[in-house]
Amino acid sequence: MEITPRLKQIFQILLRESAAVSVKYLAEQIGVSRRTVQRELEFVDGSLKDYDLKFVSKTGVGIWIEGSEEEKKRLLAVCSAGDDYDVSNREERRKRLILEILKEKGLRKLYAYSSQFDVSEATISTDLEAVEGWLAHYGLIVSRKPGSGISIEGSEESYRRAIRGFIDENIDTKMMREVYGDDGYDLSSYRALKKGNIGQILNDDIVKRVMDCITKMGHNKVLTLTENSYVGLIIHISIAINRMKKNEVIDDDENWKQNITEDEDYELAKVIVKELEREFQIDIPQVETSYICLHLKGAKHEKIRWNEQDQLEIGNKKLQQLVNDMIDAYDAKQAYLMKQDDGFIQGLLAHLQPTLIRLVYGMKIQNPVLEDIKVSYPDIYRRCEKVAQVLKDFTGKEVPEQEIGFLTVHFGAAMVRLEGRQEKIRKVQAGVICSSGIGISRLMSSKLEKLFHGRMEITAYGKYDITPYIMSRTDFFISSIPMEQPDIPIIFVNPLLSEEDIENIRQMIRKYERLPKKQKEADEFSMQLEEINFVASQIHTVIQYMDFFRVDNQISFGELLIAIGEKMSPYSDCQEIIREDILRREQIASQVFAEFGFALFHARTKGVTRPAFSVCMTKDLGAFADAYFKGIRMVFIMLAPMDEHMKINGDIMGYISSMLIEDYEFMDIVMQGDKEEIRSALSANLKKYFNKYIAGIS
C-alpha cells in the first residue's frame, strides 16, 4: 500500500521520537485533529507490509514503532523523500489511482484514497468513474460496496493484462536500466523514476534481486531480449513476487494453460521459477510458470529464432521471402524502394518473430492505440490488411486486427522515411503564444515537442513579443489567446490542444516542412532593423520580469539555490535544472565577491526560455549568516537560455555585470530593498546600453 502524505508525517515523528507518544501529541505536531490522526492510523499496518516493523499501541502508554534500526532508517528515508505529485494534475492523479487499484486488489475505502491523494472523497469518486473505462478495457470492474469501500473484480488473466498495459504505457526502459543495472544506482535517474507513476509500483529490493537472478542465469534466450521485453519480464516477475510475499492469493487461471506446451520456453520458465524460489525462499505457484512462459513466447529479441533453428540473419531465404511478399502486397509500385530501407527490414524481421509465435499459439495481444491508428491512418491500415493475408497464408492462422495495427505502425514509418527521401524535408520554425510567454505557452510547447519530436522547433512568446524580426524567422504561430492576425499564418487553439487542434498543426507542419526555408531580407538595413527589434524585445523582457525577493538570514547556500529555482521558474523540472547549472558554475569558481559585497550567480541554462535578472536579500536587508556567503548582503541572479541568441543575451547580461561593479548609485538603490526602485534603476541603465548599441551599428 502506498504511504499517504499524512501518514509519512506520522511515521517521521514516531521514528524520530525515543519513546511512545500520544495521539494528541501527533495531532499537535502535524496541525490536524486527533480524529484525523486516528483515521490515518487505521492504515498503518497495510503501509508497513514491505518493512520488518511493527506498529504498537498501548492504552495509557502511547504509540510507537518497533523494529531494527536499519528498517527504521529505510522507512524514514522513504517518508522524508520529496514527492512532486501535483494534486491539481488530474491526469497524473488518475494514473496513480489506477496504480493503487492494481497494487491493492482488496477492499479499500474512498477515504483511504482521498487522504493519500489529498483531495476530497467526491473528487476520488469522480476519478473512479473516469478510470473505470480504462480498467474495463482489460476486463476489470470496480465494485462499490456501500459503507465498506471499493474492490476490483476480474480474472487473473485480466489483472495481468491490465498491469502489463499500465507498464507499457508508463515505463521508461532506459531509465530502468540506469537505475537497476549492473553498475548500481544512478541517483538522478532513480529520483526521476520514483517521481513517475511506474516508479511508485516498484519495490527496489525485489526488482534488483530479480534482475540479478535472471541476468546471472546467462541464458541466451533471455540475454537476446530487446530492452523493452527484458524490462517488461523483470517488472512482471517483480510484481508477482511482491504479491506472493504479501501472501496475496494468485488465482490458478486454467485459460492461460490451454495453449501452453512443455517446450524449450516452458523449460526455461521452470528454471527461472526455481532460481526465484531459491533467491526469495518462497514457493511459487505452478501457474506462474505458464505466465513467464507466455511472456517469453510473446517477447521480442534483438536476434531472432524460428522453429528452434539457428539465429535468423537477413539472408534467411524463408523469412526473407515472407518479408518480400508482405511488401509486395502492401504496394507493388513502391516495393523496390521500401526493400532498400535496411532499418525497415530489420525492424519488420524483429517484429515478425513474436508475431508468428503469437499467431501459431493463438496468443492475444493488446493494442491500446488501435482505434487511433484506424482513424489517423486509414489508407495504410487498409493496405496492411492485404499484408495480413500474406501472414495468414504463411501460418494458416487468422491475423487479428490488433496485429494489423502494429504492422500499420511499421509500414507507416517506412512510408514517412520514403517520402522524406523523395522530397526535401526540413524542420519547421513555429512560435507558441500566450499572454506572457511563460505559462500556457510552455505547457503547449512541451506537449507539441512530444507529439512532433524532430519535425518542428518551437519557441514560446508573449503576446507583445511578436516583432518583425520574430515574424521573419517563424513559419507559423500557434496561439491560445485572441490577437490580431500577423503577416504569417496563425492557428488559434484550445490551451489543452484538442484532437482537431493537433490535426491542424500537423497539416501546417506538413506544408511548411516541404517548402524552402524562409529567407531573410538581403537588404542590410532590414537586417539591422530586425536585430534592433530583437535586442529591444530582450531588454524589455529583462526589465518586465525582474524579480526581488527576500529569504531568511540563516539560509544555507544549498537552500538558497532551491529558493532561486522556485523564483525563476514555476516548473519543478526547470527549477532543478536551474539549481544544478548554478551549482556547476559555482563549483568551477566561486561567484561570491566579498570585496564588492554581493554574489553573482549566473549560468546559461535550459531552465529558462528568456534572459532573466533577479535580486535576493535577507528579510532584514542585513548580511547572510552562513559563512559560505562571506558577509555579503546581496545576491544577484542572471540566467540566459540555451539558444541561438547567445551573443545578444551575453552582451546584455555582461553590461548588467559591469553595472553592478561600476554604478555605486544602483547598488545604493538595491540596498534599500524597494523592488520598483530597483526596476526603475535597471531600466535607466539598460536604456544607456540600448543607446550605445544603436550608436555602435549606425
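## The open sheet

Two strands count as paired if DSSP finds at least two bridges between them. In this predicted model, five strands form an open sheet in the order E9-E12-E13-E11-E10. The pairing is mixed.

Strand E9 (547-551) and strand E10 (592-593) are the edges. Each pairs on one side only. E9 runs parallel to strand E12 (residues 612-618), and five bridges join the two. Arg-550 stands opposite Met-617 in E12.

## Helices on the sheet

Helix H28 (residues 572-588) packs on this sheet. H28 touches E10, strand E11 (598-605) and strand E13 (634-641). The direction of H28 makes about 115° with that of E11.

Helix H30 (residues 664-672) also packs on the sheet. Its contacts are with E11, E12 and E13. Here the direction of the helix makes about 110° with that of E13.

## Nonpolar cores

The largest nonpolar core has 51 residues. Leu-102, Val-210 and Ile-237 have the most contacts inside this core. Helix H14 (residues 227-245) gives the most to the core, with 10 residues.

A second core is separate and has 43 residues. Among them are Met-634, Ile-656, Met-659 and Ile-678.

Terms used: Residues are numbered from 1 along each chain as its sequence is written. This is a predicted model: local features need pLDDT of at least 70, side-chain atom pairs count only at pLDDT 80 or more; totals for chains, interfaces and linings use all residues. Side-chain values use heavy atoms; hydrogens and water are left out. A nonpolar core is a set of buried Ala, Val, Leu, Ile, Met, Phe, Trp, Tyr and Cys residues joined through side-chain atoms within 4.5 Å. Buried means under 20% relative accessible area, exposed over 50%, partly exposed in between (1.4 Å probe, protein chains only). Helices (H or I, at least four residues) and strands (E, at least two) are DSSP runs, numbered from the N terminus. Contact means heavy atoms within 4.5 Å. Axes are lines fitted to C-alpha atoms, for helices over the stretch in contact, and angles run from 0 to 180 degrees between N-to-C directions.
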